[in-house]
Each structure stands twice: as structure tokens, then as C-alpha cells.
Amino acid sequence: MSGRRRLDWLGLTPEPERELPTAVAALRASSHGASVGPPLHDLAAEERRRVERLILRGSRHSWLRYLAEVTDLVTGVAAGSRSGDRAAALLAGEVVLDHHRMLIGLPGPGYGRTAQDRTALERAVRTLRTHTTTGAGR
């Protein structure tokens, strides 16, 4: 397999590419303030293009870097150190957490590499679920 790109990471689940762009765009938009910057649909389209580029031309490593960036957004909202749409953070957190849990079935270091992110996401998702469903923390 030398010289060939490993593509097994692409077959995990379609949820990240389908659900993350809108949620991540909402998280990024909320950190800039509601009236500053491009409209949410433009940010979502830009995020969708970014995800598409990662899937078509990226590597497992670049994809995991992107998901680590999403993890930082989610955990920041959950901890209250970053403003943001808690529902979007919850959705993004659940999607990335599910993805990271599935890495156990793939060869390579992906599952081990994401151990800290999984732990942080489990805590963040638990916090976001509690605050989002009870209406607290908004």
C-alpha cells in the first residue's frame, strides 16, 4: 500500500459531512456577534466547501485536525468560555463524538489520537444536553 492514500476513514459515516457545516457555521457566527460578518447561509456554504475539500483532497490527519477544531468550538460553548448557539454545539458535539467512537474499528492511530477529544466531548455533550433541554444557560 506504499505510496497510496488510505481511504478507509471516508467510510465511517456521512453525518459529519451532512450535519457539521451548518452547526459549525452557527458556532463561528455566534463568536463574531449577530450583526457582524456574512449571513449564516453564506458561512454554512463556506463550511460545506471546506468539508468537501477535506473529503476529496484531504487525509485522515487533516480530517481529524478539522474535527479537533470543531471539538474546541463545542467544548468552549459548553464551558461558557465562548459564546455560541448551544443547540448547534450539542449537535456538532454529538456528531464528532459518534465519529470518534467509530474510529476504534479502523486501523491506525485515530482512535488513540482522539482519546482526549472523546473525553472532552463526552463532558461537553452531557453539559449541553442538560442545559439545552432544561433551557438553562442560554
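Predicted model: local features only at pLDDT ≥ 70, side-chain atom pairs only at ≥ 80, totals over all residues.
A search through the whole structure returns one aromatic pair. That pair is formed by the rings of Trp63 and Tyr66, whose centres are 5.7 Å apart and whose planes meet at 25°, so the pair is stacked. The cut-off that settles this assignment is an angle between planes under 30 degrees.

## Overall architecture

The chain contains six helices and zero strands, and its pattern along the sequence reads α-α-α-α-α-α. Of its 138 residues, 39% count as buried, while the accessible surface of the chain comes to about 7,700 Å², with 53% of that area belonging to carbon and sulfur atoms. Among contacts in the chain with a separation of 6 or more, 70% are accounted for by residues 24 or more positions apart.

## The nonpolar core

The largest nonpolar core comprises 30 residues, and those with the most contacts inside it are Leu20, Leu27, Tyr66, Val70 and Val74. At least two residues of this core are supplied by each of helix 1 (15–32), helix 2, helix 3 (60–79), helix 4 (86–102) and helix 6 (115–134). Helix 3 provides the largest share, nine residues.

Val70 touches Leu20, Val24, Ala92 and Val96. Val74, which is found in helix 3, is in contact with Leu27, Ala89, Ala92, Gly93, Leu121, Ala124 and Leu128. Val74 is buried because its relative accessible area is 0%; its C-alpha atom is separated by 8.7 Å from that of Gly84, ten residues away along the chain.

## Helix 3 from end to end

Helix 3 has 20 residues and reaches 28 Å from its first C-alpha to its last, close to the 28 Å expected at 1.5 Å a residue. The helix is followed by Gly80, a residue whose phi is positive, near 85°.

Arg65 also lies in helix 3, but with a relative accessibility of 47% it counts as partly exposed. The C-alpha atoms of Arg65 and Thr114 are separated by 10.0 Å, although the two residues are 49 residues apart along the chain.

## Helix 2 and its two faces

Helix 2 (residues 40–57) has 18 residues and should span 26 Å at 1.5 Å a residue, and the 25 Å between its end C-alpha atoms agrees with that expectation. Within helix 2, the buried residues are Leu43, Ala44, Glu47, Val51, Leu54 and Ile55. Viewed down the helix axis, these buried residues fall within an arc of 110°, so they line one face of helix 2. The face turned away from this buried side carries the exposed residues His41, Leu56 and Arg57.

His100 is found in helix 4 and, at 0% relative accessibility, counts as buried. Not counting residues up to four places away in sequence, His100 touches Leu64, Leu67, Thr71, Tyr111, Thr114, Asp117, Arg118 and Leu121. With Leu67, one of these contacts, the separation is 33 residues in sequence and 9.1 Å in space, C-alpha to C-alpha.

Leu97 lies in helix 4 as well, and its relative accessibility of 4% means that it counts as buried. Under the same exclusion of sequence neighbours up to four places away, Leu97 touches Arg118, Leu121, Glu122 and Val125. The C-alpha atoms of Leu97 and Val125, which are 28 residues apart along the chain, are separated by 8.7 Å.

Terms used: Residues numbered from 1 in each chain as written. Heavy atoms only, no water. Helix = DSSP H or I, 4+ residues; strand = E, 2+ residues; numbered from the N terminus. Expected span 1.5 Å × (residues − 1). Buried < 20%, exposed > 50% of the residue type's maximum accessible area, 1.4 Å probe, protein only. Arc of directions from axis to C-beta. Core = buried A, V, L, I, M, F, W, Y, C linked by side-chain atoms within 4.5 Å. Contact = heavy atoms within 4.5 Å. Areas by Shrake-Rupley, 256 points an atom, 1.4 Å probe, with all protein chains shown as cover. Phe/Tyr/Trp six-rings, centres within 6.5 Å; stacked < 30°, edge-to-face > 60°.
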